[in-house]
Amino acid sequence: MTDVDGEALETSITAETGPAGVTEPILVAEHVRRSFGGLRATDVEHLDVPEGRIIALIGPNGAGKTTLFNVLTGFEHADAGRWTFQGQEIMGHPPHQIAREGMVRTFQLARALARMTVLDNMKLAAANQRGERFFVALVRPIWRAQERQVEARALELLEWLGLAPLRSDYAGTLSGGQRKLLELGRAVMAEPGLLMLDEPTSGVNPALTDTLLERIGALREQGVTVLFVEHDMDVVTRISDGVVCMAQGRVIAKGTPAEVVADPSVVNAYLGTHHGERA
Amino acid sequence: MDFSQALVDAVRAAVGVPAAAYALAAVGLNLQFGYTGLLNFGQVGFLLVGAYGTAITADHGLPLPLAFLVGVAAAVVLGLILGLPTLRLRAEYLAIVTISAAEILRLVVRSRPLEGFTGGAFGIREFADAFYNWNPIPSGEYGVGNVTFSDRTLWVMLVGWTLVALTSGLIFLLVRSPWGRVLRGIRDDENATRSFGKNVFAFKLQSLVLGGSIGALAGILLAVDAQFTNADYWQSIFTFFAFTVIIIGGVGRVIGPVVGSMLFWFLLQGADTLLQQALADSFFGSKLGPTEAGPIRFALVGLVLMLLMIFRPQGLFGSRAETLIEEP
């Protein structure tokens, strides 16, 4: 593995990218390590995600991207490392708390709540619902107004995602691509500051992919930061402001999409893995 | 064979105290299993602590209403003890721990060292006289046609079915609230639900404790009806009958456990009466006698359940579309 020099790694991509100049990082992670047995799945020295940008996380299979997602969002324990979200240290927080703090993630395999309707999937994800408290739940007048707001917001988002005609269908009957859209919608319902999408376009047909990317792009305009794992370089170059490439658990390159694609270590990482698979 | 007698017996059973108790146990289980996806294989343990909590307290001369509260409180404690260590783990662990806990409780209450307290194998008797003193129904026989009950039985039935109505109403309110929506989210995918910021563990614990407390009411009802509780009354098979009841009625439906229990008892008792008659008449020849009726009726209920699974897998009130959605 060719390692890029330390200087380049420490340089934040914020300075070089993005339409609006320098922004503060919303997420900063240092020395994040997670091993499975002898395998260092993730060993990230430094990662920062500038606020208001769309950052792609790329890398060959097994590079540790999903593990990094799981660790940062509290779904897996880190062996070491510290990371801050909006200036607050959040490592060790349980996943639901991290989501409440504004880091909302989706999953590589879309997790539709199959036996709930599309609309209920959306409404469930809304944050700070009064009626979720046991005793309050029994007294409908307390939460009715909020429920209406949640429903209106859910319908608005479904309209935006083109899923409104399916609102009463069970989510389990949706196609793979529709599930990905629904998952995006649910994550947006949870009012994220940072949206972490794990392969949002995998298994999605090209037409729906266009819709999905357009929607993700629109979220940036609304001030949402996006960090997404992606394999399709075309998708990456189309919507991302910055790219981080991982291989064998480490960050090996970062920069603008053009820079990263041209980086010899990135090319090497991808080709190297192919050699490995053939062997 | 006397079909009218079988029908009378079946109807009596369908509205009787055991049917109300099974309905209550199933209402609690339905909240846990049908709405939250929790595998509580030890619901009978909650009935046991409800019954013993009440019986022991009343047996020590304390007022019966307090004894009822102790019974329900015991179920809350049991729910916390079982839930706190296991609900963070995968679903199977709760199943293992609950079924074991129910068996352990049964063996503990019948153990000799506790005999002074629980009555050991003999159990506790005649602890609920006060309940029957409260009976406002004038003595006599009440009913429609041949289906009649004594004022005493009717009083227990009235209380039992009132509890079924109240708890079902409670579940109705809860599952239509955002709280209930979180439970259904957990049932379908707990990690996804977690990713929206829901404290999955807390919701599962609430569901387990509430469902178990409703189960305790069932245990109290059965013990008060019999004026008796002993360890052998609370066998694991009861939990699986409760599962049968909610599967017949429709999993994840408020009315499911109620109708499921009535139908379960209707079939069980109807089959029993018919079989007793047939066997007494040597209808099946000399190989089968009246003693075989018990096992055979359960085989028949099993057959009905299989047919239901084949032709109506959603149960009586379930949604077919929902049932046919494949698990992810």
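Reader: How many bridges join β3(A) to strand β8 of chain A, and do the two run parallel or antiparallel?

Author: Strands of a sheet pair through backbone hydrogen bonds, either parallel or antiparallel. Here β3(A) and β8(A) (residues 225-229) run parallel and are joined by four bridges. Two strands count as paired if DSSP finds at least two bridges between them. Strands themselves are DSSP runs of E, at least two residues long, and helices are runs of H or I, at least four long, both numbered from the N terminus. Within this pair, Leu57(A) has Val229(A) of β8(A) opposite it.

This is a predicted model, in which local features need pLDDT of at least 70 and side-chain atom pairs count only at pLDDT 80 or more, while totals for chains, interfaces and linings use all residues. Residues are numbered from 1 along each chain as its sequence is written, and chains are lettered from A and ligands numbered from 1 in the order in which they are written.

Reader: Over how many bridges do β3(A) and strand β9 of chain A pair, and in which sense?

Author: The sense is parallel, and the pairing with β9(A) (residues 242-247) runs over four bridges. Gly242(A) in β9(A) is the bridge partner of Ile55(A).

Reader: Which residues of β3(A) lie on one side, which on the other, and are they buried or exposed?

Author: In a regular strand the side chains alternate between the two faces of the sheet. In β3(A), Ile54(A), Ala56(A) and Ile58(A) are on one side, Ile55(A) and Leu57(A) are on the other, and all are buried. A residue is buried if 20 or more other C-beta atoms lie within 10 Å of its own, exposed if 12 or fewer, and partly exposed in between, with C-beta atoms placed from the backbone. The strand covers residues 54-58, and five of its five residues are buried. Across chain A, buried residues make up 48% of the 279 residues.

Reader: What is the order of the open sheet of four strands in chain A?

Author: The order is β2-β1-β4-β5, with antiparallel pairing. β2 (39-50) and β5 (88-89) are the edge strands, each pairing on one side only. Inside the sheet, β1 (residues 25-36) and β4 (residues 80-85) pair in the antiparallel sense over five bridges. Val28(A) stands opposite Thr84(A) of β4(A). In total, chain A has 11 helices and 10 strands.

Reader: At what angle do helix α2 and helix α13 of chain B pack?

Author: Two packed helices are described by the angle between their axes and the distance between the axes. For α2(B) (residues 17-35) and α13(B) (residues 256-280) the angle is about 140° and the axes are 8 Å apart. α2(B) is therefore oblique to α13(B). The contact includes Tyr22(B) and Ala26(B) of α2(B) together with Gly260(B) and Trp265(B) of α13(B). Its residues divide into 11 nonpolar, four polar and no charged. Ala, Val, Leu, Ile, Met, Phe, Trp, Tyr, Cys and Pro count as nonpolar, Asp, Glu, Lys and Arg as charged, and the others, Gly among them, as polar. Residues are in contact if their C-beta atoms, placed from the backbone, lie within 7 Å.

Reader: Where do the axes of helix α4 and helix α11 of chain B come, and at what angle do they cross?

Author: The axes of α4(B) (residues 64-86) and α11(B) (residues 200-226) come within 8 Å and cross at roughly 145°. Axes are lines fitted to C-alpha atoms, for helices over the stretch in contact, and angles run from 0 to 180 degrees between N-to-C directions. This contact has 14 nonpolar, six polar and one charged residues.

One of the residues in α11(B) is Gly212(B). Gly212(B) counts as buried because it has 33 C-beta neighbours inside 10 Å. Setting aside neighbours within four places in sequence, Gly212(B) is in contact with Gly28(B), Phe46(B), Ala75(B), Leu78(B) and Gly79(B).

Reader: How many residues of chain A are in contact with chain B?

Author: 30 residues of chain A are in contact with 26 residues of chain B. Among the elements giving two or more residues to that side of chain A are α3 (95-101) and α6 (140-161). The side has 16 nonpolar, five polar and nine charged residues.

Reader: What value is the phi of Asn128(A) near, positive or negative?

Author: Most residues other than glycine have a negative phi, and most peptide bonds are trans. Asn128(A) has a positive phi, near 50°. Asn128(A) lies in the loop between α4 and α5 of chain A, and it counts as exposed because it has 11 C-beta neighbours inside 10 Å. Glu191(A) also has a positive phi, near 55°. Glu191(A) is in the loop between α7 (176-189) and β7 (194-198) of chain A. With 18 C-beta neighbours inside 10 Å, Glu191(A) counts as partly exposed.

Definitions and conventions: Contact = placed C-beta atoms within 7 Å. Parallel < 35°, antiparallel > 145°, perpendicular 65-115°, else oblique.
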